[in-house]
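Let's take a friendly walk through a protein model. Have a look at the picture, and then read on.

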Amino acid sequence: PGSLKNLMGTTPQLGVLASVMFLVDACAVTVATLDGRVFGELTASCPDDVTASDRLATAAQLLEELLKDLPGTTETLRAVHLAVDTQMDARSGDIYAQRASSRWFGVNPKNYFAERFRVPVRVQNSARLEGLAEYLWGAGRGCANMLYVDVSYGITSGHVMDGVIQSGARGGSGELGHTVYDWDGPL
């Protein structure tokens with residue numbers, strides 16, 4: 001009351017955005033309207049023995065299931081944001097190191113979703129997104145800058161400066177586990 005500002009919303013007929021996040025043992029798919037309201041989300045188990053191709057197919061099936069409940073058709077999908085838990089070139093979608101990324105090596109997740117859904121696909125490493133979430137809603141809340149370190153199957157980090165993930169020209173900034181600290185040490 002008394003304010004000139006009113007909340008506005010958008011309808012799914014204007015389009016929706018999809019987020020596909022791959023974690024160590026699962027994939028999660030979320031569809032939201034353009035104003036950020038979550039329309040639906042689904043998660044599926046993806047244990048270590050599931051191939052990269054099967055992981056991609058599972059996530060695509062989850063996305064298709066969410067899209068079929070939307071008013072209109074799948075043409076309402078405007079873009080996909082893809083978060084993969086490995087070293088990936090953010091521009092091309094190529095997986096970097098075969099040894100460090102054995103679960104994903106040999107596929108291109110960005111191309112897979114772009115070709116299957118015919119929409120632009122943006123890519124970010126899942127640990128960097130976890131860092132952004134920590135910056136926005138967790139221990140980094142209220143800080144101008146933050147460094148988030150994720151120790152899991154690898155060691156990586158997310159640099160957030162003034163609310164923006166600093167992921168480098170090709171998305172590889174923060175790969176701490178692949179830093180040489182002893183030139184004469186083992187590979």
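## About the model

This is a predicted model, in which local features need pLDDT of at least 70, side-chain atom pairs count only at pLDDT 80 or more, and totals for chains, interfaces and linings use all residues. Residues are numbered from 1 along each chain as its sequence is written, and side-chain values use heavy atoms, leaving out hydrogens and water.

## The sheet

Five strands make an open sheet in the order E3-E2-E1-E4-E5, with mixed pairing. Strand E3 (38-45) and strand E5 (121-125) are at the edges with a single partner strand each, so one side of each has no neighbour in the sheet. From one strand to the next, the twist averages 15°. Strands here are DSSP runs of at least two E residues, helices are runs of at least four H or I residues, and both are numbered from the N terminus. Two strands pair if DSSP finds at least two bridges between them.

Strand E1 (residues 16-22) pairs with strand E4 (residues 77-84) in the parallel sense over 6 bridges. Val 16, for example, has Leu 77 in E4 as its bridge partner.

## Helices on the sheet

Helix H3 (residues 126-137) packs on the sheet and touches E1, E4 and E5, where contact means heavy atoms within 4.5 Å.

Where does Leu 176 lie? Leu 176 is in the segment after strand E8 (164-165).

Technical notes: Axes are lines fitted to C-alpha atoms, for helices over the stretch in contact, and angles run from 0 to 180 degrees between N-to-C directions.
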